[in-house]
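Subject: Structure for you to look at

Hi,

Here is the structure I promised to pass on. Please open it alongside this email, and I will walk you through what I found.

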Amino acid sequence: MALMTGDEKHDSAATSTLDVLWVLYDRVLRVSPQTFDAPDRDRFLLSKGHGPMAYYAVLAAKGFLDEETLSGFGAFDSPLGHHPDRLLVPGVEIGSGSLGHGLGLAVGTALGLRAQGLTDPRVWVLAGDAEMDEGSNHEAVAYAGAAGLENLRAVVVDNDSATHGWRGGLASRFEAEGWSAVTVDGRDHEALYSAFTAARPGRPHAVVARVEPKPSAH
């Protein structure tokens, strides 16, 4: 990550996701630089797309892109923009932008896999707690629970940046709609791995990864 410099880095947005991303790509996701377009791959959708330095660093560490490209982050001729571009970076499933889109896209992806009879691939989406204020996410959570999308996995990095939040914590929002959900320390790799790999048949699963609060802007 230190190779990437420049303005608008959103450092806290990046560092808050680093441990989650590493555990997923190192131990959980069934996708590699050789299989990133295979039909039976796991899909990983980065909804929390601003501040993608941790994402790029993990992709480079796992061979999806050349480490030499990291130093050009955000430059005019670099494939590594301030939001990942699925047409420019191998392994990136969606182009992110406005917050609140990733979970809906993940629901659609899970439905598409179901329609094709592809039951093994998992669809993972990484969102931030502030995104959960968006109405589009409320609809996606409600639909996925009702549809029993058991191949869908949501990871929400919670650094206390949400405006509203949820009484009882973010996990309660998912549980109310029929998801299984667990809250873990977002810096504890073993806790993350256990939460990611726990069997939850018949329904989607959410992992709320708690990390240190976002620094104040003042």
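Leaving aside neighbours within four places in sequence, which residues is S161 in contact with? With those neighbours set aside, S161 touches D129, A130 and K214. Before going further, please keep in mind that this is a predicted model.

S161 sits in the loop that links strand 3 to helix 6 (170-176). Its relative accessibility is 29%, so S161 counts as partly exposed. The side chain of S161 also makes a polar contact of 2.8 Å with the side chain of N159. G95, by contrast, is 66 residues away along the chain, and 23 Å separate its C-alpha atom from that of S161.

Five strands make up an open sheet with parallel pairing, in the order 1-2-3-5-4. Strand 1 (43-46) and strand 4 (180-185) are at the edges with a single partner strand each, so one side of each has no neighbour in the sheet. On average, neighbouring strands here are turned by 20° against each other, ignoring direction.

Strand 3 deserves a look of its own. Seven of its seven residues are buried, so strand 3 is largely enclosed by the rest of the structure. L152, A154, V156 and D158 point one way from the strand, while R153, V155 and V157 point the other way, and all are buried. On one side, strand 3 pairs with strand 2 in the parallel sense over six bridges, and R153 is the bridge partner of W124. To get from strand 2 to strand 3 the chain passes through helix 5 (residues 135-147), in a right-handed β-α-β crossover.

Strand 3 (residues 152-158) is also joined to strand 5 (residues 205-210), by six bridges, and these two run parallel. Within that pairing, A154 stands opposite A206 and V157 stands opposite A209.

Helix 7 (residues 189-197) lies across strand 2, strand 3, strand 4 and strand 5, and runs at about 170° to strand 4.

S47 lies in the loop between strand 1 and helix 3. Is S47 buried or exposed? Its relative accessible area is 4%, under the 20% cut-off, so S47 is buried. Its contacts, again leaving aside neighbours within four places in sequence, are S96, L99, G100, H101, G102, L103, V125, L126, A127 and E131. One of these, G102, has its backbone nitrogen at 3.1 Å from the side chain of S47.

The buried ones are M53, A54, Y55, Y56, A57, V58, L59 and A60. After helix 3 comes G63, which has a positive phi, near 90°.

Happy to go over any of this together once you have had a look.

Best wishes

Definitions and conventions:
Residues are numbered from 1 along each chain as its sequence is written. This is a predicted model: local features need pLDDT of at least 70, side-chain atom pairs count only at pLDDT 80 or more; totals for chains, interfaces and linings use all residues. Side-chain values use heavy atoms; hydrogens and water are left out. Two strands pair if DSSP finds at least two bridges between them. Helices (H or I, at least four residues) and strands (E, at least two) are DSSP runs, numbered from the N terminus. Axes are lines fitted to C-alpha atoms, for helices over the stretch in contact, and angles run from 0 to 180 degrees between N-to-C directions. Contact means heavy atoms within 4.5 Å. Buried means under 20% relative accessible area, exposed over 50%, partly exposed in between (1.4 Å probe, protein chains only). A polar contact is a pair of N or O atoms within 3.5 Å; within protein, one must be able to donate a hydrogen and the other to accept it, and residues adjacent in sequence count only if both atoms are side-chain atoms. A crossover is right-handed if, with the strands pointing away from the viewer, the path from the first strand over the helix to the second runs clockwise.
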